[in-house]
Amino acid sequence: MKYKSTRGNDEYITSAEAILKGLSKDKGLFVPVEFPVIDIDFSEMVHMNYKEVAFYVLKKFLDDFSDEELKDAIEKAYDNKFEAEEIAPLVEKNGIYFLELYHGKTLAFKDMALSILPHLLTKAAKKLGEDKKIVILAATSGDTGKAALEGFANVKDTEVIVFYPVNGVSEIQRRQMITQEGNNTHVVAINGNFDDAQRGVKEIFNDDKFAEIMADCDYVFSSANSINIGRLVPQVVYYVYSYIQLLRRGAIKVGERINFVVPTGNFGNILAGYYAKRMGLPINKLICASNENNVLSDFLSTGVYDVNRKFTLTKSPSMDILISSNLERLLYEISNHDEGLIRTMMKQLESEEKQYKITPNMQKNLSDFYGGFATDDETLITIKKVYDSSNYVIDTHTAVAYNVYEQYKKETKDKTKTVIVSTASPYKFTKSVLDGLMDKNYEENEFEMIRLLSKITGLDIPKPIKHIDQKPILHFTECEKQEMKTVVKDILHIEKRK
Ligand SMILES: *Cc1c(COP(=O)(O)O)cnc(C)c1O
């Protein structure tokens, strides 16, 4: 397996190099030069557990890692941190399947990849003779920061520093971060908004002089964001695993095609589904569900990606995004690897035009996908509808997916078996879920609402947040937005140098 940039055509690198680099120098994303194929019978895979499937898939994509390295990473990632024994359980309600990806420590699907990325990253560094300590820097609007902290906590030879906007995250999210354990974790509140935090982190990343000072002290920066191929590949696993679970319970026959509905923001999760399809997993449609920030559903129907629109804060905040970075990897595939065209389109997107149009041929190659979106009102109504009909509680992101699936069924009459990819626990978005269920506007504090949701629905409160209001606070650092670099220096004990 070799990897290359979506925007360049000469340099071929190994998966370890791609994971360590994150982003290509030409700002393209690393993609596999060719897709590996599933080369054993699904009937033979039926008895595999999550870790075994993970090993099979990861070995295909990351073939420069040894069996021992991959097995060690998988063991460390998918252990009893996950509250569900199956890691990614598939639940049936009224003939529809929900793939629950939220049983990890942060209660959202980002744990699926961020619990293994640190191990892949440190092994890649070792393999490539990079002996400096890896410093992960992240700005967060709530979810990614906590998932990165959990993933990297106590991972040897790493430090993880997360900046969050002091008034820009929910109380639960803040508590999740400031109670984070681990001797290499650092959480800093900045006096500013998410954009300030993000800008500060980018500035540190792009400061060559600072990188030199860091290197002198045996540190190197890296990032854990979703464009790293080391986050994408572990997400392919649960698509294969859900197919196996359906086979195991006799819900489908070997070779039968199924649909997946994916609540989508940065296009990472659904792209992993597309990669699974390219490996030979029998997938009919990949249904891309957006909220009111519906750039993607417009793109899928018109072939025009147009960011000239209002940005809306919705009740499914992890999907509030206008530029879906991972879409570039799909463009690369549907253009039959036309790097020049990708460069042109990305330039148009970054220019004042803020849009690009794909060619008719590319649009034909989009037939694997269907796109739709749901409004906030539709989202809350869907939460109630699903609960009333099947006693099953879903979060706002999953509700967006469910609603779009209903639109799809109505429009196409497609009866293919379908898996809704459930990306967050209802307890992660308790207020909206309660509001939807009870058709009210709750104003209690967040801890109170958690207890209320449990009382009303009988659904157990997940362990990671159960006693979070009593957990000791371990992180107190606050800083101004222009002090971020100084704070990083202090945390890493870097002497003041000229
Ligand atoms: C990140 C996230 C998404 C969006 O996933 P992408 O890979 O960015 O498309 C959806 N739901 C939840 C709960 C998330 O945290």
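Reply:

**A close look at helix H15**

In helix H15, the residues Glu339, Ile342, Met345, Met346 and Leu349 are buried, where buried means under 20% relative accessible area, exposed over 50% and partly exposed in between, with a 1.4 Å probe and protein chains only. Seen down the axis of H15, these buried residues fall within an arc of 125°, so they line one face of the helix; the arc is that of the directions from the helix axis to the C-beta atoms. An α-helix has 3.6 residues a turn, so residues three or four places apart point the same way.

The model is predicted: local features need pLDDT of at least 70, side-chain atom pairs count only at pLDDT 80 or more, and totals for chains, interfaces and linings use all residues. Residues are numbered from 1 along each chain as its sequence is written, and side-chain values use heavy atoms, with hydrogens and water left out.

As for its length, H15 has twelve residues, 339-350, which at 1.5 Å a residue should span 16 Å, and its end C-alpha atoms are 16 Å apart, which agrees; the expected span is 1.5 Å times one less than the number of residues. Helices (H or I, at least four residues) and strands (E, at least two) are DSSP runs, numbered from the N terminus.

The buried residues of H15 pack against strand S1 (3-5), strand S11 (304-306) and strand S12 (355-357), and also against helix H14 (327-334) and helix H16 (360-364), contact meaning heavy atoms within 4.5 Å.

Elsewhere, Ser422 is found in strand S14 (residues 418-422), and Ser422 is buried, with a relative accessible area of 1%.
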